[in-house]
Amino acid sequence: MNLTELGWNEELRQALTGMSAEGLTAGRVALEHKRMYRVKTDSGEVLAEVSGSMRYQARSRGDYPAVGDWVALSVREEEGRATIHGVLPRKSMFVRKVAGNVTEEQIVAANVDVIFLVNALNADYNLRRLERYLVMAWESGASPVIILSKADLCASPEEVALRVVETKAIAPGVPVHAVSSLLGEGVEGLRAAYLGIGRTAAVAGSSGAGKSTLINALLGHEAMDIGAIREDDARGRHTTTHRELLLLPGGGVLIDTPGMRELQLWEADSGLSQSFDDVETLAASCRFPDCRHSSEPGCAVRGAIEDGTLDQARYDSYVKLQKELAFLARKESKSLQTAEKDKWKKIHKEMRRKPSQP
């Protein structure tokens, strides 16, 4: 296997050389399952786990390898197994908050060049959900591309064109493509524009958005299971239950991700600003710097809503995501303070156990 096809470059080679341990080789994580990893190396695929020292030094889930990561590992070729000693520097990370009440990050995909945000053109079409995905995509360091899938389900080409216009209005500067993976329409254009040797694309979207069908079309064969859509709400079940790195014929890499009903934000202030640059530009034009955009005179935001240049629903979405990020920041700060207190309690407890020096 040629690692260059997977995105290996001189910068990564230097990072590997700079590690203190000798005899390490490079590999890219293709699959993760309960802290065991399938890693692609230049001599084939191996089953790997992290070293004891790496596990000891890890402070959060983000310190562990994720699908798409380049790792330094020692390989036992006769066993087909390896030990991961470190994660090489990441150029991008698509991150969300883990499900539930735990304030912790989850890396969905690492070292991605482009993120395909897939939204189906059926009853599940949702601009507010797309805005949430865009915030995290911009924050990741990768370039977002919106894929409006299942164009064949629209009643007419005019309806497809209208959806494209609506989507572009909430995603300034982001490419928007309407495709029908089932009919093969628009798929080759995606391959030509965004994929190729050394390029990596992650595919993200809600369940039933058509990610698996799109991936099968790009791969040229039925590699992913395709689930049926429920007739009552046009949503699908989770046909992908894990993240996986897939090699494309002719070059390029896809990272498939499980369908997410809701993407919980994680530290995305800059992503919010990029996604809602139109709103923040208006806010900067208000008469008062501390304008709350409610009833203050000279409010550019209210003025834009009233004259129709800014949609009320888009502004409400911005406020909601802004509040969500502020709440997450408070929770994370509290969690860090608690962790710091627990660390010092443990240290003091250990000191009391040690016998006093004569």
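Among the contacts in the chain between residues at least 6 apart in sequence, 66% join residues that are at least 24 apart, where contact means heavy atoms within 4.5 Å. The model is a predicted one, in which local features need pLDDT of at least 70 and side-chain atom pairs count only at pLDDT 80 or more, while totals for chains, interfaces and linings use all residues. Residues are numbered from 1 along each chain as its sequence is written, and side-chain values use heavy atoms, with hydrogens and water left out.

The chain has ten helices and 13 strands; helices (H or I, at least four residues) and strands (E, at least two) are DSSP runs, numbered from the N terminus. Of its 358 residues, 45% count as buried, where buried means under 20% relative accessible area, exposed means over 50%, and partly exposed covers the range in between, with a 1.4 Å probe and protein chains only.

After α5 comes G196, whose phi is positive, near 155°.

Two packed helices are described by the angle between their axes and the distance between the axes. Here α5 and α6 pack at an angle of about 70°, with their axes 10 Å apart, where axes are lines fitted to C-alpha atoms, for helices over the stretch in contact, and angles run from 0 to 180 degrees between N-to-C directions. The two helices are therefore roughly perpendicular to each other, since angles under 35 degrees count as roughly parallel, over 145 as roughly antiparallel, 65 to 115 as roughly perpendicular and the rest as oblique. On the α5 side V187, L190 and R191 take part, and they meet L214, A217 and L218 in α6. By class, this contact has five nonpolar residues, no polar ones and one charged residue; Ala, Val, Leu, Ile, Met, Phe, Trp, Tyr, Cys and Pro count as nonpolar, Asp, Glu, Lys and Arg as charged, and the others, Gly among them, as polar.

A217 in helix α6 is partly exposed, with a relative accessible area of 24%. Leaving aside neighbours within four places in sequence, A217 is in contact with S181, V187 and R191. A217 and E185 are 32 residues apart in sequence, and their C-alpha atoms are 9.8 Å apart in space.

The loops around these elements hold several buried residues. S180 has its place in the loop between β10 and α5 and is buried, with a relative accessible area of 1%; beyond its neighbours within four places in sequence, S180 is in contact with A151, D152 and E185. In the loop between β8 and α3 (127-140) sits D124, which counts as buried at 5% relative accessibility. The side chains of D124 and S206 are joined by a polar contact of 3.2 Å, a polar contact being a pair of N or O atoms within 3.5 Å, where within protein one must be able to donate a hydrogen and the other to accept it, and residues adjacent in sequence count only if both atoms are side-chain atoms.

The loop between β9 and α4 (157-169) holds C154, which is buried at a relative accessible area of 11%. K150 lies in that loop between β9 and α4 as well, and its phi is near 60°, a positive value in a residue other than glycine. Most residues other than glycine have a negative phi, and most peptide bonds are trans. R35, in the loop between β1 (25-33) and β2 (36-41), also has a positive phi, of about 65°, although it is not a glycine.
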